[in-house]
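Good morning, colleagues. Please have the sequence and the coordinates open in your viewers while I go through the fold.

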Amino acid sequence: MKQIFYGADLFDGKNILKDHALIVENGVISALMPVSKKPHDGEAIDLSGGTLSPGFIDVQVNGGGGTLLNDDPSPEGIDKIAKAHRRFGTTSLLPTVITDSPKILDEALRAGKAAFGKISGVLGLHVEGPFIDPVKKGAHPAEFIRALTDADIKTLAAAKAGVLLLTLAPNRVSPDQIRALIDAGIHVSLGHSNATDTQAKHAFDAGARAVTHLFNAMSQCDARAPGLVGATLADPRVICGLIADGHHVAPTAILAALAAKGPEGIALISDAMPSAAGGPDHFTLQGREVRRENNRLTLGSGTLAGADITLLDAVHYALSIGISLADTLTMVTRTPARMIGREGKIGALRPGMPADLVHLGPDHALLGVYHQGICLD
């Protein structure tokens, strides 16, 4: 089956192309070409304005639509989360399990392995903790934070299916352990850490190439103590996740990070909880109540407990603070794909890539989500 998408600008993963058509055959992109040269055979789909983008890629999704992975660490739970976010343009994601008991972590690893290749859009799993710094634990329960062992590395390596992204604290895990994780095919992200800039640099030199929710739950950048934030902003090898929701990071800090890293160095993330993507106003996180007030999620102590957004919300927020459409879309498509080693597979409109697409209107409202060229209801 051949489809010809035209009538909208095309964001190819880097640039916005005008007066171009996207050709899809059997759910796979086969060509981009000027509209004047588009074929006449096949199904012509006139988008009537707006922008057609690759589907969004979210590398940190704790939950959505009322489901939390820690509460339902199963393929069925992952499926519910993926479907909830797909309705808002996220066509690829990493379901994320946070610090919890060994039993929950083991079940989540098994669920991620079972879901990969069977549940649409699931790229693998993000394991956030438990090898983090209690000083910067955020909403993670202190009783389950622990040191990384050689046995843990073997367990994680054996459980890997697709992408396995592991958030850890570089002041709690040695460079040699990080190298062992990298050698096992695991992507290492630094976060929930009070590390010095030197400790962070040693971790980057050992192969860590990502940072989890920049600015949040980490040592900040001071003139004489640059911390994890400073080390991240200074290192062009590193891609950082960033929560753009108006609560986690101030607009000026987001713009400063963008000036330092460029859109190729920042992957917008949702850090979504069950309340996101149509979920309830309150839920429990490991026995603790989390409430939503003005789209802000907090524990009773006032600690932020994840976010109440989808990547579509992050796109709208980034645009609202003056970031260009091309830069914003780069940060939810090509950059997260590169962050987890999937560049060239997803995150761009290129021949050979799946036709997972998002159609935004002239006002950037969501008009359509396509999976392998098929519009989802």
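What is the accessible surface of the chain, and what share of that surface belongs to carbon and sulfur atoms? The accessible surface comes to about 14,300 Å², and 51% of that area belongs to carbon and sulfur atoms. Please bear in mind throughout that this is a predicted model.

Let me begin with the overall dimensions. A compact globule of 377 residues would have a radius of gyration near 21 Å; the chain has 20 Å, which agrees with that expectation. Along the principal axes, the C-alpha atoms fill a box of roughly 60 × 45 × 45 Å. Of the 377 residues, 57% are buried. If we take contacts between residues at least 6 apart in sequence, 69% of them join residues at least 24 apart. As for secondary structure, the chain contains ten helices and 23 strands.

I turn now to the sheets, starting with the parallel one. Eight strands make up an open sheet with parallel pairing, in the order β8-β11-β12-β13-β14-β15-β16-β17. The edges are taken by β8, residues 56–61, and β17, residues 266–269; each has a single partner strand, so one side of each is left without a neighbour in the sheet. Within this sheet, strand β12 (residues 124–128) and strand β13 (residues 163–168) run parallel and are joined by five bridges. Glutamate 128 stands opposite threonine 167 of β13.

Helix α2, residues 102–115, lies across β11 (90–98), β12 and β13, and runs at about 160° to β12. Alanine 115 belongs to this helix. Is alanine 115 buried or exposed? With a relative accessible area of 0%, alanine 115 is buried, because the cut-off for that class is under 20%. Leaving aside residues up to four places away in sequence, alanine 115 touches Ile78 and Val122. The C-alpha atoms of alanine 115 and proline 75 are separated by 5.4 Å, although these residues are 40 apart along the chain.

Which way does strand β1 run relative to β6? Strand β1, residues 2–6, runs parallel to β6, and four bridges join the two. Lysine 2 has glutamate 25 as its bridge partner in β4.

Let me now consider the packing of the interior. In soluble globular proteins, nonpolar side chains tend to be buried together. In this model the largest nonpolar core has 90 residues, and those with the most contacts inside it are Leu190 and Leu268. Helix α8, residues 311–320, gives the most to this core, with seven residues. A second, separate core has 15 residues, including Phe5, Leu47, Leu349 and Leu357.

Not counting residues up to four places away in sequence, its contacts include Leu168, Pro170, Phe204, Val211 and Leu228. Leu228 is also one of the buried residues of helix α6. That helix, residues 227–234, is mostly covered, with six of its eight residues buried. The buried residues of α6 pack against β14 (187–190), α5 (197–205), β15 (210–211), β16 (239–243) and α7 (251–261).

How is serine 53 placed: buried or exposed? Serine 53 is buried, with a relative accessible area of 1%. Beyond residues up to four places away in sequence, serine 53 touches Phe11, Leu329, Thr333, Leu349, Asp356, Leu357 and Val358. Two of these residues, Leu349 and Leu357, are listed in the second core.

Thank you for your attention.

Methods:
Residues are numbered from 1 along each chain as its sequence is written. This is a predicted model: local features need pLDDT of at least 70, side-chain atom pairs count only at pLDDT 80 or more; totals for chains, interfaces and linings use all residues. Side-chain values use heavy atoms; hydrogens and water are left out. Two strands pair if DSSP finds at least two bridges between them. Contact means heavy atoms within 4.5 Å. Axes are lines fitted to C-alpha atoms, for helices over the stretch in contact, and angles run from 0 to 180 degrees between N-to-C directions. The radius of gyration is taken over C-alpha atoms; the globule rule is 2.2 Å times the number of residues to the power 0.38. Buried means under 20% relative accessible area, exposed over 50%, partly exposed in between (1.4 Å probe, protein chains only). Accessible areas come from the Shrake-Rupley method with a 1.4 Å probe; for residues, only the protein chains shown count as cover. A nonpolar core is a set of buried Ala, Val, Leu, Ile, Met, Phe, Trp, Tyr and Cys residues joined through side-chain atoms within 4.5 Å.
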